[in-house]
Each structure stands twice: as structure tokens, then as C-alpha cells.
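Please report on the strand pairing, the salt bridges and the surface of this chain.

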Amino acid sequence: MIIDGSRLVVTDNSGAKEVECIKTRGRYASIGDIITCSVKKAIKGKVSQGQVVKAVIVETKKEVQRKDGSVIKFDRNACVLVNPKGLPIGTRVLGFVTHELRARQMMKVLSLAARVF
């Protein structure tokens with residue numbers, strides 16, 4: 001569950017390391033939602049510090065219940081930076097990505113991920 005002001009780790013190679021959520025579509029966002037973020041920590045890459053970007057959430061500390069009854073949760077809040085069309089900015093996704101992104105039509109993020117959970 002991500003709210004405004006939440007800090008997230010970026011799990012791609014776009015150059016950003018940490019972002020802060022500045023706007024969600026509703027009261028909170030969960031896995032698969034697209035949020036607006038501000039880059040707080042960055043290295044040389046495609047984005048710079050202070051830039052406002054969109055991101056799709058791929059990991060949350062808050063548990064998510066699947067249709068089959070299993071529950072998944074992670075030890076951190078993480079996201080992948082995307083452009084306004086929904087395509088990833090980076091060329092690699094380094095952390096876990098869940099199957100819930102398939103229902104949100106984020107196929108490009110799924111195809112770049114090394115580990116689909």
C-alpha cells in the first residue's frame with residue numbers, strides 16, 4: 001500500500017535509485033498501479049535527481065492476496081520507471097516482478113524481468 005510521500009526503491013537500470021511518491025490515482029496504490037514520483041537519489045543514467053517520472057509498483061510490504069488464496073508480500077517497496085505510454089525507461093528489471101502485472105497489460109515490464117514471482 002503506497003500513499004503520497006512513500007519512498008520506493010527503483011529496480012531497473014534507468015539511473016534512479018530511490019523515488020518518492022507524489023501522486024496516486026486513488027487514496028493508495030498497490031502492485032501494478034502507475035504512480036507519479038520524484039527522483040530523490042540518482043546516478044548517471046537516463047533520469048536525474050529532482051525529475052518527475054511515472055512508475056509502476058512491482059513490490060510492496062503490504063501483503064496482496066491472489067485468487068488462489070495465496071498471499072505474497074516483500075521486504076521493501078519497489079517500482080520500475082516507465083514513460084507516459086507505459087513502456088519501461090530502463091533496459092533491465094533487476095528485482096522480482098509479480099504475475100499481477102499481466103492483468104494490468106504491463107507485458108514489456110514482465111518480459112524484461114529476470115525473476116517473475
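The report below takes strand pairing, then salt bridges, then a surface patch.

The model is predicted.

**Strand pairing**

Strand 2 covers residues 16-23 and strand 3 covers residues 34-42. They pair in the antiparallel sense, over six bridges. Within this pairing, Cys21 stands opposite Cys37 of strand 3. Strand 3 also pairs with strand 4, residues 52-59. That pairing is antiparallel too, with five bridges. Here Ile35 has Ala55 in strand 4 as its bridge partner. In a regular strand, side chains alternate between the two faces of the sheet.

**Salt bridges**

Side chains of opposite charge can pair when their charged atoms come close. The cut-off used is a side-chain nitrogen of Lys or Arg within 4 Å of a carboxyl oxygen of Asp or Glu. The count comes to eight salt bridges. The table gives some of them.

| Salt bridge | N to O distance |
|---|---|
| Asp33 and Arg104 | 2.4 Å |
| Arg76 and Glu59 | 3.1 Å |
| Lys62 and Glu63 | 3.4 Å |

Asp33 and Arg104 form a salt bridge at 2.4 Å. Asp33 sits in the loop between strand 2 and strand 3, and Arg104 in the loop between helix 1 (100-103) and helix 2 (107-112), so the pair ties together parts 71 residues apart in sequence. Arg104 is partly exposed, at 40% relative accessible area.

The salt bridge of Arg76 and Glu59 has its closest N and O atoms 3.1 Å apart. This pair also links distant parts of the chain, 17 residues apart. Arg76 is in the loop between strand 6 (71-72) and strand 7 (78-82), while Glu59 belongs to strand 4. Glu59 is buried, because its relative accessible area is 2% and the limit for buried is under 20%.

Lys62 and Glu63 form a further salt bridge, at 3.4 Å. Lys62 is partly exposed at 39%. Glu63 is partly exposed at 38%.

Salt bridges also build a network, which links Arg7, Glu18, Glu20, Lys40 and Lys41.

**Surface patch**

Which residues form a nonpolar patch on the surface? They are Met1, Ile3 and Tyr28, with about 310 Å² of accessible area together. Ile3 lies in the segment before strand 1 (7-10). Its relative accessibility is 45%, so Ile3 counts as partly exposed.

Key: Residues numbered from 1 in each chain as written. Predicted model: local features only at pLDDT ≥ 70, side-chain atom pairs only at ≥ 80, totals over all residues. Heavy atoms only, no water. Patch = residues over 30% accessible without salt bridge, like charges linked within 9 Å, V, L, I, M, F, W, Y side chains within 5 Å. Areas by Shrake-Rupley, 256 points an atom, 1.4 Å probe, with all protein chains shown as cover. Helix = DSSP H or I, 4+ residues; strand = E, 2+ residues; numbered from the N terminus. Buried < 20%, exposed > 50% of the residue type's maximum accessible area, 1.4 Å probe, protein only. Pairing = 2+ DSSP bridges.
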